Each structure stands twice: as structure tokens, then as C-alpha cells.
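Good morning, and thank you for coming.

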Amino acid sequence: MTSPVITVAHGVVGYDGRPVLRDVSLAVTAGEAVAVLGANGSGKSTLIRAVLGLVPLSSGSVTLFERPLRRFRQWHRIGYVPQRLGAGSGVPATVREVVASGRLARRGVLRPPGAADRAAVAAALEAVGLADRARDPVATLSGGQQQRTLIARALAGQPELLVLDEPTAGVDAASQEAFAGALRDFVVGGGTVLLVAHELGPLRPLISRAVVVHEGGICHDGAVPEPAGHHAEPDHDHVHPHGPDEPAGLWSS
Amino acid sequence: MELFQYPYMQRALIGALIIGLAAPALGIYLVQRRLALIGDGVGHVALTGVGAGLLLNRSPVLVAVVVATAGAITIELVRARGRTSGDLALALLFYGGIAGGVTLVGLSDSTSANLNAYLFGSLTTISPRDLGTIAVLGVAIGVTMLALRPALFAVCHDEEYARVSGLPVRALNMLLAVATAVTVTIAMRAVGVLLISALMVVPVATAQQVTRGFRSTMTAAMALGLFAAGSGVWVAANADTAPGASVVLMAIASFGVVAVLGAVWRAVRRRRTPAAAPVPEPHEVVLH
């Protein structure tokens, strides 16, 4: 189980000429669960968006399942869980309809859904504990349940690799547990995971390796760093302003 | 009712019904992607095509299809690039389209009545050949929108996810742009360029007040479009009103009726089932 799944070699990404990732190299092999950690604005989300081809590399290369990104066509092997449900719209959609989108990568544009598609959608809804909400409009769900809908959509495609962008940001504790359970089942089943997180929380036991991104470069690649100081306290609630500390202002002495 | 014995009224009714079905089938995707008024913009551009057709003595509808398609593709390219200047580019295209149309129609020998027929629709002057065009294109739009629903839903709902699913996102977006142009041009004869967007958007807005899913919204919107078209033409025939405007007014009336009925139904249901105590969210932090 050491076949490479994701390889980034000397990847550079810039927005409007401002470098966001500089010379990043990363390798993920089958069966690994890798967390990309870092502060807001460190470039960690950009890294996985570049892996998926959602932002172009200005130099370097990305290889998915031993095939250059440009020529990669087997998208059914990848399940993507974005940070949140797309802005959406006024048109209602049921949870089942959103999850069923996850089958398109496997089924193609023209073939109508069959029994296998329906079974996969039902299984994915079951895995995240939303089977009883399948007929409800997604807009009526809580933020955590919407997030679980998105992982169900990715799981419905029965991927080999899951790529998740801050899946637990702003998600209630109950949904985080349900989310971690679904992800655990996926990893136990031999799946590969690349996830961006700010804080691991209940996902921590699943992660086999951590990559820390700092100012557009990778500054750590190995064991999951232990929380230090008051961050290590079990009931520590991780809320603080991100980015550089506020400069001493007019009202502080 | 005897008015419908005349072939021109039968053609008007059939044409309106086809457009009533096809316009909301496309419109639901435009509403979902928050481009509800794009039909209006493409309609403005189509007017330049009408003007060019009249000036060159070619079929105005066919020239309008070509010009509107070019306009819709331009709008889609501007949208896909996602620059903030896109807003202004669209404004230039819209008003350039209508000004070009008015100028070209003025240069040709046609009268202002001719321009009015395209601005506000002229259902009763549909020729058998026009009806054939409307039927072929309308059915093609309806079938495509229904057959590609899962893929088009995915693209309009979450474009980035659709790209990572390996869907041909660019081709599907272009398909929607071209379908918008075609629907606008065939609906132009029925309700006119100034009222086209209403038939694409209002039935969807009506349906989504009471539906829970995308498929049910699409089905209900198509049924409502069919109803508005049929009843609008019937009202126009009996009250001698403008057919296009009558169709749109019927669509808006349905919106009002559904809004009121929906509010009453929700109020009744709330009274019958006394509100359960709200379930508190589990605590996420312990405050000391």
C-alpha cells in the first residue's frame, strides 16, 4: 500500500502576482490520512485547491494517481468536500438530490441513475446519519448537518481519496462526532484522506501525518504536533483572532 | 370559445403552451444560479438581431437566434472570468443591444408596429412555419433540460464541485447560454423581448414557495408555465387583451394566489400543531 496518490512537486501559486504558495512539495500515498494545518491565510486551502486543479499552478506539477493533473480524467476516484455548501439559491433542493450529485463522476452526464446509484446514495446518507432527513430541503438543515450532507455527497461516489477543506469549521459537537465517525469508516475501509484543518478536534485519532503550512511554505511534515500550553487543556475552546496580533492602538497604553 | 376555431388562434394557443413549458424548464437553472434576469439581457441583444433581419430582409427570428446566441456566449464568458467589471460589461451589452435594435429597425422600411410585435409579442400573427420553428426548438429545449437535469443541477448548485467531479462544466455552461438565447428568440413571438424573463422566472418563483426539492420545483414550474400560457391566451381571446401581457399577468396572479394560500396553510398548520419546545443545541464550550 505505498502507491502514490497525490504528488506535488515544487508547486507555486500566486493570485494577481502575489505568491500564496512558494515551492511546495508534498506526497500522499494510498491509505494515509494527512492533515494540512496552518493559520488562516497560510496557504493551506490554496494547496488543496491546487491539488484539485481549482487554482492553476504558476510552476511545478501535481500528479494524481500517477497521472499528471492535466491529463487526469478518473475523477470518480476523488471525493471533494468543500468548506461549505455553495452559496446556493432560492431554488430548494433536498438532501438526497444534493448527495445524488456525488454519483455524477461515476455515472457521467448522460446516463440516468440506476439501482446502484440509489443504493450508494442511501448508504452515504446512512453513514453520516442523515437518512431521516433525505427528503428535507438542505436549506432547513443546521450548519453541521449541511456539512454532513457534503461529506455524504463525496462518499456517494465511492471514492478512493477524500479531499476535505476545513470540514469541521463552525460545526456543532454532535455533527463533528458524526463526521469523524463517517471519516473513520472511510479510512478503515482503506481510503486515503487529505484534509485541511485549523484544529483537528475529534478527527485527531484518524490522522496519520500532519503537514504544517506557514507563509506559503511547508514548515513541518511528520507527526501531528501536540497542542501546547493552555491549548492542551481538554476543554480549551479554540477561539482567538487569527493573523498577527493587533498593534497597540490608541486606547492601549 | 368559438374564437379557437380559427387556425390563427389555435396556432397562438399551441405556441404559447410550448413556450409555457420550455421557458420555466430552462429558467429554473437560471434562477438557481442567480441569473434570473439574464433572459432579459439576452432579449435586449436579440432585438439587434431582429433589426438586422428586418434591414437585410432575412427572417428576423433566425437572425435573432444567431445574434442572441453570440450575446449569451459573450455574457457567459464574462461571467466565467468572474471579474467585477463583468457587471458593467453586461450593462454595455444590454443597452447596446436594444439601442442597436431600435436603430436598425428604424433604418429598415418596417413600421413601428413591426417593432412592437417583437417588444411585446404578437401571438396571433404566428404563421404555420413560425409554429413549426417554435415546436422544434421548444421541444428540444424542454427535453435537453429534463434529460441533463442531474448534471445541470450539479453545475448550477456548486460549480467547483462539478469541476472536481470531472463534469464538462464549460460545455454545460455554454449549453445553458445557448439554450437561453434560443428560448428568448422563440418566446419573443409570444410574449415579446420585454416580458420573456417573466415566463422563465415567475413560474419558478411561484413553485418554490411550496416545494421542497429541485425536481418537484421543476415539475411544478413547468405546470404553472403551461397554465399561465393557456389561461393567458384564453383571457386574451375573450377580453381582447394583448396575449403576451395576459400570459405574464396570469403567471404573476398565480404567484400571488400561491403566496396567500401558502401563508394561510402555514398559519393553520401552526395552530393545529402547537409549537414544540425548541430543542437547544448541545453545549460546545463550558463557561467557568
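I shall begin with the sheet in chain A, continue with a loop and a pair of helices, and end with chain B. Please bear in mind throughout that this is a predicted model.

Let us start with the sheet. Chain A contains an open sheet of six strands, in which the order is 6-7-8-3-9-10 and the pairing is mixed. Its edges are formed by strand 6, residues 78–81, and strand 10, residues 217–222, of chain A, each of which pairs on one side only. From one strand to the next, the twist averages 15°.

I turn now to strand 3 of chain A, which covers residues 33–37. How many of its five residues are buried? The count is five of five, and the strand is thus described as mostly covered. In general, the side chains of a regular strand alternate between the two faces of the sheet. In strand 3 of chain A, Ala33(A), Ala35(A) and Leu37(A) lie on one side, Val34(A) and Val36(A) lie on the other, and all of them are buried.

Which strands does strand 3 of chain A pair with? One is strand 8 of chain A, residues 192–197, which runs parallel to strand 3 and is joined to it by five bridges. Within this pair, Val36(A) has Val196(A) of strand 8 as its bridge partner. Another is strand 9 of chain A, also parallel to strand 3, with four bridges between them. Strand 9, residues 209–214, and strand 10 of chain A pair in the antiparallel sense, over five bridges.

Chain A also has a hairpin, made of strand 1 and strand 2, with two residues between the strands. Strand 1 spans residues 4–15 and strand 2 spans residues 18–29; they run antiparallel and are joined by eight bridges. In this pairing, Pro4(A) stands opposite Thr29(A) of strand 2. One detail of the hairpin concerns Asp16(A), which takes a positive phi near 50°.

Next, a single residue in a loop. Leu85(A) is placed between strand 6 and helix 2 of chain A, the latter being residues 95–100. Is Leu85(A) buried or exposed? A residue counts as buried when 20 or more other C-beta atoms lie within 10 Å of its own. Leu85(A) has 20 C-beta neighbours inside 10 Å, and therefore it counts as buried. Leaving aside residues up to four places away in sequence, Leu85(A) touches Val138(A), Gln146(A) and Leu150(A). With Val138(A), the separation is 53 residues in sequence and 9.3 Å in space, taken from C-alpha to C-alpha.

I move on to a pair of helices in chain A. In general, two packed helices are described by the angle between their axes and the distance between the axes. For helix 4, residues 115–127, and helix 5, residues 143–156, of chain A, the angle is about 140° and the axes are 8 Å apart. The two helices are therefore oblique to each other. Helix 4 of chain A passes helix 5 of chain A in a right-handed crossing. On the side of helix 4, the contact is made by Ala120(A), Val121(A), Ala124(A), Leu125(A) and Ala127(A), and on the side of helix 5 by Ala152(A), Leu155(A) and Ala156(A). By class, this contact has eight nonpolar residues, no polar ones and no charged ones.

Finally, let us consider chain B. The pattern along its sequence accordingly reads α-α-α-α-α-α-α-α-α-α-α-α. Along the principal axes, the C-alpha atoms of chain B fill a box of roughly 85 × 50 × 30 Å. Chain B has 288 residues, of which 49% count as buried. Among its contacts between residues at least 6 apart in sequence, 74% join residues at least 24 apart.

How do the two chains meet? In chain B, 33 residues are in contact with 29 residues of chain A. Helix 1 (7–32), helix 7 (149–157), helix 8 (159–164) and helix 11 (214–239) of chain B each supply at least two residues of the side that touches chain A. Which helix of chain B gives the most to that side? It is helix 7 of chain B, with five residues. By class, the residues on this side of chain B divide into 16 nonpolar, eight polar and nine charged.

That concludes the tour, and I thank you for your attention.

Note on methods:
Residues numbered from 1 in each chain as written. Chains lettered and ligands numbered in written order. Predicted model: local features only at pLDDT ≥ 70, side-chain atom pairs only at ≥ 80, totals over all residues. Axes fitted to C-alpha atoms, helices over the stretch in contact; angles between N-to-C directions. Parallel < 35°, antiparallel > 145°, perpendicular 65-115°, else oblique. Left-handed = near helix turned anticlockwise from the far one by under 90°. Contact = placed C-beta atoms within 7 Å. Nonpolar A, V, L, I, M, F, W, Y, C, P; charged D, E, K, R; others polar. Buried ≥ 20, exposed ≤ 12 C-beta atoms within 10 Å, placed from the backbone. Pairing = 2+ DSSP bridges.
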